[in-house]
Amino acid sequence: MYKKPTIIKIEKIIDERGQLNFFEIDKDIDFLIKRVYFISNVAKNKERGQHAHKKLKQLMIAVGGAVEIDLDDGLGNKFSFVLNSSSEALYIPCGYWRVLKFFDQNTNCFVFASQKYDTSDYIRNYQEFVEYKKIIE
Ligand code: T46
């Protein structure tokens with residue numbers, strides 16, 4: 001569906017009771033969700049990530065606060081996004097090195113993932129990641 005990291009607009013319905021957001025498989029994302037995790041209570045300016053995934057695709061949404069997500073395809077292309085609205089999500093295809101920078105301790109980052117947790121899907125060394133991308137491209 002998306003070959004590159006892409007911001008997706010998440011539909012919202014607002015009425016006198018508040019706001020409701022939703023997204024759907026096939027319409028908004030091209031994978032079945034096998035795992036959901038969320039990151040919270042990260043001190044201001046702390047970073048997470050510093051790794052890439054071989055197969056995992058993810059959709060990230062920040063609810064409250066803000067998080068910057070820096071992505072690198074290992075082939076010289078870099079992308080930077082700020083998530084700060086529950087009406088926007090970031091789709092991250094497989095094969096991107098990521099660094100998450102949290103702007104505020106109240107940020108809750110929800111992640112919808114295409115695979116169950118699998119340590120063998122992670123590449124945690126940047127040079128190894130660059131070599132891996134050269135081989136698979
Ligand atoms: C990613 C970024 C955005 C589990 O046991 N199950 C899980 O599903 C996850 C995600 C993590 N863990 C354990 C593994 C570690 O002992 O939780 C601990 C912290 O995980 P990690 O250091 O990988 O956290 P981040 O924030 O650096 O990375 C996570 C995801 O792992 C990664 O896929 O893209 O968030």
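This is a predicted model: local features need pLDDT of at least 70, side-chain atom pairs count only at pLDDT 80 or more; totals for chains, interfaces and linings use all residues.
Residues are numbered from 1 along each chain as its sequence is written, and side-chain values use heavy atoms, with hydrogens and water left out.

**Entry 1: cavity**

A cavity is a set of points, on a 1 Å grid over the protein atoms alone, where a 1.4 Å probe fits but cannot get out; lining residues have an atom within 4 Å of a point. For volumes, I took the space filled by probe spheres set on the points, with grid points joined across faces, edges and corners. The largest cavity has about 30 Å³. I listed Arg-35, His-53, Leu-56, Gln-115, Lys-116, Tyr-117, Asp-118, Asp-121 and Tyr-122 as its lining. By class this lining has three nonpolar, two polar and four charged residues. Here Ala, Val, Leu, Ile, Met, Phe, Trp, Tyr, Cys and Pro count as nonpolar, Asp, Glu, Lys and Arg as charged, and the others, Gly among them, as polar.

**Entry 2: ligand**

An N or O atom in the side chain of Arg-35 is 2.6 Å from a ligand oxygen. For Tyr-37, a polar side-chain atom lies 3.2 Å from an oxygen atom of the ligand, and a polar backbone atom of Gly-49 is 2.9 Å from a ligand oxygen. The protein buries 67% of the 650 Å² that the ligand exposes when taken alone, by the Shrake-Rupley method with a 1.4 Å probe.

Strands are DSSP runs of E with at least two residues, and helices are runs of H or I with at least four.

**Entry 3: pockets**

Which pocket is the space taken by the ligand? I found that the ligand takes the largest pocket. A pocket is an open set with protein on both sides within 12 Å along at least five of seven lines. A molecule sits in one if more than half of its atoms lie within 2 Å of its grid points. The largest pocket holds about 220 Å³ of space. Among its 14 lining residues, Tyr-37, Ile-39, Gly-49, His-51 and Tyr-122 are closest to its centre. S5 makes the largest share of this lining, four residues.

For the second largest pocket I recorded about 150 Å³. Its lining includes Lys-4, Lys-54, Asp-73, Tyr-132 and Glu-137. Helix H1 (residues 126-136) provides the largest share, three residues. I classed this lining as five nonpolar, two polar and five charged residues.

Technical notes: A polar contact is a pair of N or O atoms within 3.5 Å; within protein, one must be able to donate a hydrogen and the other to accept it, and residues adjacent in sequence count only if both atoms are side-chain atoms.
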